[in-house]
Amino acid sequence: MAEIQTVILEMLRAGPAHNQLLSPLTPYIALCGGEGPVTVHIPIEHRQLLIRLGRLRYWSAESVISAEQREAEVLDLGMDVGRVMASVPALSPEITAARQGKDIIINLRLVVSGSELALIPFELATAPPGFPSSGQPLFLQVDTPIALTREIRRGRPLAVDWNRRPRILFVAASPNDVAAVPAQEHLDAIRRALEPWVTWAATAEERVGHVMEHVRILMNPSLDDIRTACAATEYT
């Protein structure tokens with residue numbers, strides 16, 4: 001079984017988490033490993049980023065966005081995000097140290113304190129020089145598997161009641177004329193993970209009923225459908 005190694009990258013700024021826009025003039029403090037803090041700038045204006053993110057959609061209010069335009073924007077944003085990561089000198093050595101050994105998966109924990117950073121698609125990062133598979137998508141390359149997770153910086157860990165019965169909201173959608181998402185494969189994996197909590201029954205029909213006590217499925221829902229579902233039940 002693969003071993004998971006954790007690398008933590010924190011990006012902080014002064015002031016409250018809200019009410020601030022992205023700007024190349026804003027200094028962020030980046031912390032990684034045992035090295036000292038470094039100043040990092042995000043080379044994108046807030047309005048510019050919103051426009052570029054809009055190009056990643058399959059269509060806008062005015063027209064359908066071509067696949068070539070979306071792919072070009074993915075590449076450009078990936079290069080920008082990769083340069084931001086490269087500006088943290090300690091990040092590459094930390095990843096290099098974590099990748100020593102066989103069957104290693106690296107969990108890159110991105111911890112931020114400014115809500116505007118949530119807009120930045122770090123998942124698109126192109127690996128800069130010195131990182132695994134330089135020039136390739138950092139989180140898709142197979143040389144060193146890296147999974148990015150995001151979290152908000154807080155003074156103490158979030159309290160979690162591990163004895164709660166699992167309750168999962170599963171949402172899937174596919175735009176018209178686009179290949180369907182692998183919803184059934186994901187549901188099959190969730191079903192296997194839920195096996196210890198599902199009450200045993202003699203027939204498949206009865207077992208499905210017990211499974212649905214833990215999972216609610218929304219296919220092609222509206223935002224209002226999702227809001228209503230989240231308001232009606234607490235999901236784990």
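Tyrosine 58 sits in the loop that links α1 (46-54) to α2 (67-86); helices here are DSSP runs of H or I with at least four residues, strands are runs of E with at least two, and both are numbered from the N terminus. The model is a predicted one, with local features needing pLDDT of at least 70 and side-chain atom pairs counting only at pLDDT 80 or more, while totals for chains, interfaces and linings use all residues. Residues are numbered from 1 along each chain as its sequence is written, and side-chain values use heavy atoms, leaving out hydrogens and water.

At 36% relative accessibility, tyrosine 58 comes out as partly exposed, a class lying between buried (under 20% relative accessible area) and exposed (over 50%), with a 1.4 Å probe and protein chains only. Together with Trp59, Val64 and Val178, Tyr58 makes a nonpolar surface patch of about 400 Å². Patches take residues with over 30% relative accessible area and no salt bridge, joining like charges within 9 Å and nonpolar side chains (Val, Leu, Ile, Met, Phe, Trp, Tyr) within 5 Å. Areas come from the Shrake-Rupley method with a 1.4 Å probe, and for residues only the protein chains shown count as cover.

Stepping back, the protein has six helices and seven strands, in the order β-β-β-α-α-α-β-β-β-α-α-β-α from the N terminus on. Its C-alpha atoms fill a box of roughly 60 × 50 × 35 Å along the principal axes. Of its 236 residues, 32% count as buried.

Now for the inside. The largest nonpolar core has 35 residues, and Met11, Ile42, Leu91 and Leu108 touch the most other members; a core is a set of buried Ala, Val, Leu, Ile, Met, Phe, Trp, Tyr and Cys residues joined through side-chain atoms within 4.5 Å. Two or more residues each come from β1 (3-12), β2 (28-32), α2, α3 (91-98), β4 (104-112) and β5 (146-152), and β4 gives the most, with five. A second, separate core has nine residues, among them Ala172, Leu187, Leu194 and Val211.

Over in strand β1 there is valine 7, which is buried at a relative accessible area of 1%. Setting aside neighbours within four places in sequence, valine 7 is in contact (heavy atoms within 4.5 Å) with Cys32, Leu91, Glu94, Ile95, Ala98, Ile106, Asn107, Leu108 and Arg109.

Helix α4 (residues 183-193) has Ala183, Leu187 and Ile190 as its buried residues. Seen down the axis, these fall within an arc of 60°, so they line one face of α4; the arc is that of the directions from the helix axis to the C-beta atoms. They pack against β6 (168-172) and β7 (215-219), whereas the exposed residues Glu185 and Arg192 are on the face turned away from the buried side.

Two loop residues have a positive phi without being glycine. Aspartate 103, at about 55°, lies in the loop between α3 and β4 and is exposed, with a relative accessible area of 54%. Asparagine 220, with phi near 50°, is found between β7 and α6 (223-232) and counts as exposed at 53% relative accessibility.

Note on methods
Salt bridge = Lys/Arg side-chain N within 4 Å of Asp/Glu carboxyl O.
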